Structure formats: structure tokens, C-alpha cells
Amino acid sequence: MLNGMALDSGACRRRALGWAAALALGTLPALAFPAPSWWWLAWFAVVPLLLVVRAAATSGDGAVRAFLGVGGFVLTNQYWLASSIGPVLALMAFGLGALWLPWGWVTHRLLSPPVSTRRVAVALIVVPSAWVAAEAVRSWPPLGGPWAALGASQWNQPATLASASLGGVWLTSFLVIAANTALASAIVQRGAGRLVALGCALACMGFGPVWYVAGGTPPASRTVRVALVQTGPIADAAARQAASEALTATLVGTRPEVVVWGESSVAAELTDRPDAVARLAELARRVGADLLVNVDARAPNGGIYKTSVLVDDHGVQGSYRKTRLVPFGEYVPLRPFLGAITRYGKAAAEDRGRGSGPVVLRAGGIDVGPLISYETTFSDLTRRAALLGAQLLVYQSSTSSFQGSWAQPQLAGQPAVRAVEVGLPAVHAGLSGDSSAFDSRGRRLAWCTSQFTGVTVISVPLTSDATPYRRWGDWVPASTFAVLGVFFGVATLRSLRRRDTLR
């Protein structure tokens, strides 16, 4: 009995050490994202977690290790949410980590000893598929949206990000995890199998750059001068609007064509404030440019909306209401049950209203597709705007609640990913930082950190490339679910046959 208790104690200790190692090592990929932006780390940062999952005693324990590792990644990558949702952050992080339980199971099943070349070949397809499938499920808006998809870590490297034009950020994530899987396989294999695995890793890393070189840069139809207004963190709504107006007035004589303000830059609902509209129209006339402002106010129907409003020298010419809302920040899911958590952070006391979907507005003589803040992370919204005929993607955000945190550069880097996916240039005006601009291939045109206050004018080349992703949409997530369906179907059939044989 004593020997049995000692064995149980040893097994529990090993399991606890494995869980702790997974939790710690799972945080490594977070460093590939802004602010550290060690993009190169993403190509091998998951290897330690893969090896820890592989070393588990059972596939079930491997799944738990994966769950803890990805929970640690989310917790580290989005630590800045603690000031907004308090202790719910831990619940959110490990709740999302649970989506990676199948990934851990298949990783252990395919990479645990004995490792054969055939199993590695299967792993290079199935393991990345399980990861991307989990990212796709996580992208469902009530679960927080597609924040920190692993492929987005390549936002500042147009060459490695180029694969997103073929299959969206999902394909880039697939290639990153496939490279990590190949490197982990090379570590545990011997002989020729190790060389084959290393070759596969290099192929995954090189796919984006080869696609980038092969694609070339489409010619620009014209160049548009876009001004991004960044006021800095100003709590008072009236003072915030006054600062935006004052900064915009400095553009007189500089000949911009479109001026973009940050999210929540206007606190008055313009539909019932003709005086405010007249003041903005006069400002547009003096500057000689259309203004894309952003209203955060209660509408005549009683709802509160985040709205992009286009104003020229004649008044309001169009608007877009935010479609995807931030869970807890702008609405509380299942408020009757979860509303009590608002007392522990800065969760929305009242749910915001939603718009009906993307629109295209004619500003500065071109068609722009406006989206707001959190919507920057959604590939499908950008694709819908592109299919509606947008020539320029315009994002407005306000991250003042997370001033100086990783949230600001993380959000400002997302337009690069969206630009590459649909082959359109993108600009992002952060009310208090960071603001950014990218051409249609994801090359940086401008970047203003959260320490900057002022106006940046960028000459944006209007190039349009009807990318495969724009035409075909989310074919990669669909393919990964198909791969997993086949894998689990085959595994189930083999298990049933084995059971029949034992009988």
C-alpha cells in the first residue's frame, strides 16, 4: 500500500510540474505581438509547449496541458483587460484555453513515442488544423473575437504576412503552427526523418516570402492625402471634441482630402444638433477636406451607438454604426446572469446599440470603408467592405482606458493584416494612440505612438488587388474543420475495430 501511495504521489507531482511548465511556456508566443513585437519568435515559440504536451502520460493530460498553456498565452497577451473586467480576465483566459483541448489531444496522440515519419506527416496537417479551428471558434464575437490570432504576430513583416492574402490570417496561423510542429518533430526524431522535418519547417517559413515576391505590387490608380488626428487622452467629451477641431484647423493650407478623427471624438448626437453639424461643416470648408468623425452618444431612439459620420462643407453625408461590440466593454453577454460582474471592473453599465453591417462612404472623391475599434480584428467585416467597393479601409479607435499598455500597438497593427487580406490600403486613427497606416501589401506608411499628440498627413497610394482571400473568404477554417472531422472519424473507427478484435 505504501508503495502504491508513493507511486500516486510521484505521478501527482509529475502531473503538477507538467501543468506548471505548460502554463509558463504557453506565455512565450505573447512576446511575438506588440508591444515587444518579436515576430520571429512566433515561428518557434510554441515548440516548448508542444514538447510539454507530448511528454504527458496520457492524451487527456496532454489536452489539459494545452488548455493551461493557451490560457497562459491569453492571460499574458491581454493582461491589460484586468483594469476593465477585473477577475473575469482569468475566467476568460482559461475559458478560451479550453478551446485548445482538442489541439492538445491530437498533439499528444501524433507526437508521443514512437514517432514515425508517417505520424509526423499527419501531424503537420492535423495539429495546425486543430489550432486554427480553435482560433476560428474563438473568433465568434461573444467569445471575444479573433484577438491575437497567431498569424497576426506577423503584422510588421509584409513578406511573412503575405500568405494572409491567400487564406486570411488563418493561413498564416496555420503555417506558423506547422513550422513549430515540424521543429518539435525534428527534435524528437532521428536520422533522415529529422532532416525532412527541418525541411518542412523551412518550407512553412518560406511560403509567405515566396508568395510576396511572386505577387508583385499592383500599380496605384492615384494617391490620396489622409490626415489622422490624435488628441491624446482627454476625459472630458467637450474638451476632446474641441481638441480635435483645433488640431484639424492646423491643416488649413496643407490640402488633405480626408481627415479622420478617433473613436468617440464627438459626444453630441449630430442628428439633433444642427449647430454642431454647421460648425463641423465650416471646419471642413476651411480645411478643404471631408471629415470622418466618430460619435458616441444617445440617438433619438434612446439607444447609445458608436457611429462614424462623414461631414463635408454641406453637412452630414453619410454614417456607419458599429456592428461588433466589445464584450463587457460595450455590452454584457447574458446580462441578467453576468451583470453582477460589472461591480468588479469597468464593464458597460448599459448595452450599446448595433448597426446592420459595413457600408461604403464617398469621402475625398474615393470610396472608404469605415470600421470602428474592435472591428479591426474581424476579417469578415473588412472583406464585406472590400466587396462593397471600398478603395480605402478606415479604422477609428479609442483605447484611452488602456493608455500605455500593449492594447494600443496590438490594435494599431491589425490594419496591416486586414490590408494584406483584401489587398486594400488601410489607415487607423487612434484617439489617444497608436495611429497607423499601411499600403495594400502591409507596408507601413505611418505610425504614431501613444505619446504623440497632433496630426499626421499620409500620402496613401490607392492600389487594389482582388486577393484570393477577398474572393474565396474563410476557406482555411472550413478546411481545418474538415481535416479534424476526417481525423476523429478515422480514430473512432480504429478504436471500434480494436475493441471488436479484443472481444
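Modeller: Buried area here is the accessible area (1.4 Å probe) that two parts lose on being put together, summed over both. This is a predicted model, where local features need pLDDT of at least 70 and side-chain atom pairs count only at pLDDT 80 or more, while totals for chains, interfaces and linings use all residues. Residues are numbered from 1 along each chain as its sequence is written, and side-chain values use heavy atoms, with hydrogens and water left out.

So, the pieces: the chain splits into domain 1 (1-216 + 474-501) and domain 2 (222-467), with bounds that come from an automatic or database domain assignment. Taken over C-alpha atoms, their centres sit 34 Å apart. Between them about 3000 Å² is buried, and carbon and sulfur atoms give 66% of that. Counting contacts (heavy atoms within 4.5 Å), 39 residues of domain 1 touch 35 residues of domain 2. On the domain 1 side, Trp80, Trp147 and Trp155 lose the most area to domain 2, together 21% of what that side buries.

As for the stretch 64-82, UniProt lists it as one of the "transmembrane region" features in an unreviewed entry; such annotations may be inferred rather than shown by experiment. Over residues 64-82 the chain is 79% helix and 0% strand, with its end C-alpha atoms 24 Å apart. Helices there are DSSP runs (H or I, at least four residues), and strands are E runs of at least two.
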